[in-house]
Amino acid sequence: MLKFIPDPHGTPVAFQVVEGRAESRVLVVCDHASAAIPANLGGLGVDEAARTSHVAWDIGAARVAVLLAGALGCPAVLAGVSRLVIDCNRQPGDPSSIPALSCGIRVPGNEAVDEAEADSRARSWFWPYHTEIGDRIGHLWRQGAAPAVVAVHSFTPCITGQMPRPWHVGVLWNRDPRMAAPVLTGLRARGDLVVGDNQPYSGREINYTLDTHAGAAGLPNVSFEIRQDLVADEAGCLRWAGILAEVLGDVLADDGLYRAEIY
């Protein structure tokens, strides 16, 4: 199992990579793979329960991403730092990039972040992760075909004060339907899943990584949101990696998918 282990000085890595087959035409990414907070930030003033909860990372997403990449034989890039430090799926400078409040939880260590600190966090964590994604896409593309990009996220079953979320999985997408449409059809055809189309979040609103690396270049892409209670243990992660690999199988087998199209 891929684990995010800080170095002896308490510094997480900016990203981790799973290697794939040389002939792969797919990249898996995971923006909220880690709950790691650098030791010099003192836990950002957040208690341990919150630092290990959905507030800090997407529970189960890293493991599903690793297993999915293995099933597809493709590389994966996983962010190495908690989204409380800096959110790798937000534009730097966006107020939610370094949140002072997340899901109703105060983050005291983010309440007085100045431009120098924000820039330092972006240079240390955000940009290395995104540079690696860009480099990996460039490498795949140089093999001759426009690659597909798959993002893996997870969501909490219920946010305090809101109705429980009924979806088992959400399929997020923006303008390009080439992957999302057949994936939605495949997931719904199973008959045992409640499937959200741009639920519980919309890929037309929160989609920085895929919009930047895939959408802007016309690359086929799709993002998955899996409910966290379904991937809270190894058995759940294995099951969901298998479901996603299966539903992606026919989509990724279509040679016509691998072309750049701007929508």
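This is a predicted model: local features need pLDDT of at least 70, side-chain atom pairs count only at pLDDT 80 or more; totals for chains, interfaces and linings use all residues.

Which residues form one aromatic cluster?

Modeller: The aromatic cluster consists of Phe 126, Trp 127 and Tyr 208. A pair of aromatic rings is described by the distance of the centres and the angle of the planes. Rings are paired when their centres lie within 6.5 Å, and by this rule the count comes to two aromatic pairs. One of them joins Phe 126 to Trp 127, with 4.7 Å from centre to centre and 85° between the planes. Planes over 60 degrees apart count as edge-to-face, and the pair of Phe 126 and Trp 127 is therefore edge-to-face.

The other pair to describe is that of Phe 126 and Tyr 208: the ring centres are 5.6 Å apart and the planes stand at 50°, so this pair is tilted. Distant parts of the chain are linked by this pair, as Phe 126 belongs to helix 3 (residues 115-141) and Tyr 208 to helix 5 (residues 208-213), 82 residues apart.

The cut-off for buried is under 20% relative accessible area.

Helix 5 also provides a point of reference for the loop between strand 8 (195-197) and helix 5, where Pro 200 is found. The peptide bond that leads from Gln 199 to Pro 200 is cis, its omega being near 0°. A further aromatic ring, that of Trp 173, has Arg 204 lying over its face, at 4.5 Å from the ring centre.

From the aromatic residues the account may turn to the helices. Helix 6 (residues 234-253) takes part in a packing with helix 4 (residues 180-189): their axes come within 9 Å and cross at roughly 130°. Helix 4 is for that reason oblique to helix 6. The crossing of helix 4 past helix 6 is right-handed. On the side of helix 4 the contact is made by Pro 182, Val 183, Gly 186 and Leu 187, and on the side of helix 6 by Ile 243, Val 247, Leu 248 and Val 251.

Helix 6 also packs with helix 2, at an angle of about 45° and with the axes 8 Å apart. This angle makes helix 2 oblique to helix 6. Helix 2 and helix 6 have a right-handed crossing. Helix 2 contributes Arg 63, Val 64, Leu 67, Leu 68, Ala 71 and Leu 72 to the contact, while the residues of helix 6 include Glu 234, Cys 237, Leu 238 and Ala 241.

Helix 2 (residues 61-72) contains Ala 62. Ala 62 counts as buried because its relative accessibility is 9%. Between Ala 62 and Ser 154 there are 9.4 Å from C-alpha to C-alpha, although the two are 92 residues apart in sequence.

Some residues in loops complete the picture. Cys 158 lies in the loop between strand 6 (148-155) and strand 7 (169-172). With a relative accessibility of 35%, Cys 158 counts as partly exposed. Once its neighbours within four places in sequence are set aside, Cys 158 is in contact with Met 163 and Pro 164. The C-alpha atoms of Cys 158 and Gln 228 are separated by 9.9 Å, and the two residues are 70 residues apart along the chain.

Two residues with a positive phi remain to be described. Leu 44 is not a glycine, yet its phi is positive, at about 60°. Leu 44 has its place in the loop between strand 2 (26-30) and helix 1 (48-51). Its relative accessible area is 2%, so Leu 44 is buried. Cys 103, likewise not a glycine, has a positive phi of about 50°. The loop between strand 4 (101-102) and strand 5 (105-106) is the place of Cys 103. With 44% relative accessibility, Cys 103 counts as partly exposed, whereas Leu 44 is buried.

Technical notes:
Residues are numbered from 1 along each chain as its sequence is written. Side-chain values use heavy atoms; hydrogens and water are left out. Rings of Phe, Tyr and Trp (its six-membered ring) pair if their centres lie within 6.5 Å; planes under 30 degrees apart count as stacked, over 60 as edge-to-face and the rest as tilted. Helices (H or I, at least four residues) and strands (E, at least two) are DSSP runs, numbered from the N terminus. A charge sits over a ring if NZ of Lys or CZ of Arg is within 6 Å of the ring centre and within 35 degrees of the ring normal. Axes are lines fitted to C-alpha atoms, for helices over the stretch in contact, and angles run from 0 to 180 degrees between N-to-C directions. Angles under 35 degrees count as roughly parallel, over 145 as roughly antiparallel, 65 to 115 as roughly perpendicular and the rest as oblique. A crossing is left-handed if the near helix is turned anticlockwise from the far one by less than a right angle, and right-handed if clockwise. Contact means heavy atoms within 4.5 Å. Buried means under 20% relative accessible area, exposed over 50%, partly exposed in between (1.4 Å probe, protein chains only).
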